[in-house]
Amino acid sequence: MKNSTFLNRGLPPLFGLAVLLAAWQLVAGFYNPVVLPSPVDVLRALADLAVGGQLWEQGRLSIIRGLAGFALAVACGLPLGLLIGLNPFVAGLFRPLVVVLQVIPLVSWLLLALIWIGFSKVPVFVVFVTTFPLIVINTIQGVWSVDRQLLQMAAVFRITKSRVIREVYLPQVAPYLMAGISAAMGTTWKAVAMAELFSVQKGIGAGMAVARMNLNTAALLAWTLFLVCLGLLADWLVAQLMLGKRKM
């Protein structure tokens, strides 16, 4: 049964990836490596970055900045989302602001942060403002989707408000919050790399800027590959967390 599952689900993606790499290798043969390096060149550049220690040092800084901005967004977004979902007055006050924050382009935040707070804090700030609305909006949707019959039952038995929030709202908000966290995680790595590109001397984005200036396209793609792996790993960890919660 397990072999059959692997053949049906595991083999097609691997075959598709192999075809993609083969096509890339073939097309790269017609171009200068500055324009399009081959997959082998990219893997060699990735290995050089790893052996030289740049991959781990720059990656560590980007991960710290990304997680700091993301954690701040969750810490501020969850309570605000609960307040907006539970209180119509707070919703009228803050929901338009959250929507405005969501639609402001990333590049606008980046340029404004360079003016407002200086260069070193820009990556954390940009990650925060781009992931914060995702956490708030998903939390609001979770609150609004709570089973009304459970709330009516809690009212009949005069359950305290704090207990209703803890035992009724939070368990039903959790799946929506996890969906928001998953989306925010994907945004985090794009935002931190973009911010580092223009604001700091170290980090994945800074490494990409150096590769661009040196016309080292293989190193640029190696950094991109590292970012993709980082995003996939974070997505997998969130999925495992969601799976663990369902089994509880």
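Residues are called buried under 20% relative accessible area, exposed over 50% and partly exposed in between, with a 1.4 Å probe and protein chains only. The structure is a predicted model, in which local features need pLDDT of at least 70 and side-chain atom pairs count only at pLDDT 80 or more, while totals for chains, interfaces and linings use all residues. Residues are numbered from 1 along each chain as its sequence is written, and side-chain values use heavy atoms, with hydrogens and water left out.

Two loop residues were examined for backbone geometry. Most residues other than glycine have a negative phi. Leu215, which is not a glycine, has a positive phi near 55 degrees. Leu215 sits in the loop between α9 (204-213) and α10 (217-247), where helices (H or I, at least four residues) and strands (E, at least two) are DSSP runs numbered from the N terminus. Leu215 counts as exposed because its relative accessibility is 57%. Arg158 likewise is not a glycine and has a positive phi, of about 55 degrees.

The record annotations were compared with the model. UniProt positions are given in the numbering used here, feature names are shortened, and annotations may be inferred rather than shown by experiment. According to UniProt (unreviewed entry), residues 59-238 carry the feature "domain: ABC transmembrane type-1". In the model this span is 88% helix and 0% strand, and its end C-alpha atoms are 20 Å apart. The unreviewed UniProt entry also lists "transmembrane region" at residues 63-85, 97-119, 125-147, 168-189 and 220-243. Residues 97-119 are 78% helix and 0% strand, with 26 Å between the end C-alpha atoms. For residues 168-189 the values are 100% helix and 0% strand, and the end C-alpha atoms lie 33 Å apart.

Helix packing was described for two pairs. Two packed helices are described by the angle between their axes and the distance between the axes. Axes are lines fitted to C-alpha atoms, for helices over the stretch in contact, and angles run from 0 to 180 degrees between N-to-C directions. Helix α3 (residues 54-86) packs against helix α4 (residues 88-103) at an angle of about 125 degrees, with the axes 7 Å apart. The two helices α3 and α4 are therefore oblique to each other; angles under 35 degrees count as roughly parallel, over 145 as roughly antiparallel, 65 to 115 as roughly perpendicular and the rest as oblique. The crossing of α3 and α4 is left-handed, a term for a near helix turned anticlockwise from the far one by less than a right angle, with clockwise giving a right-handed crossing. On the α3 side the contact involves Leu80, Leu83, Ile84 and Leu86, and on the α4 side Pro88, Val90, Ala91, Phe94, Arg95 and Val98. Contact means heavy atoms within 4.5 Å.

For helix α5 (residues 106-116) and helix α6 (residues 122-144), the packing angle is about 140 degrees and the axes are 10 Å apart. This angle makes α5 oblique to α6. The crossing of α5 past α6 is right-handed. Leu106, Trp109, Leu110, Ala113, Leu114 and Trp116 of α5 contact Val122, Phe125, Val126, Val129 and Thr130 of α6.

Ala195 counts as buried because its relative accessibility is 0%. Leaving aside residues up to four places away in sequence, Ala195 touches Leu110, Val122, Pro123 and Val126. The C-alpha atoms of Ala195 and Val122 are 6.4 Å apart, although 73 residues separate the two along the chain. Glu196 also belongs to helix α8. Glu196 is classed as buried, at 0% relative accessibility. With residues up to four places away in sequence not counted, Glu196 touches Leu61, Ser62, Arg65, Pro123, Lys202, Gly203, Ile204, Gly205 and Ala206.

Exposed helix residues were also found. Val103 is in helix α4 and is exposed at 60% relative accessibility. Val103 and Gly85 are 18 residues apart in sequence, with 20 Å between their C-alpha atoms. Met213 lies in helix α9 and is exposed, with a relative accessible area of 58%. The C-alpha atoms of Met213 and Phe89 are 51 Å apart, at a chain separation of 124 residues.

The whole structure contains 0 disulfides, a disulfide being a pair of cysteine sulfur atoms within 2.5 Å. Cys76 is partly exposed at 33% relative accessibility, and Cys229 is partly exposed at 42%.
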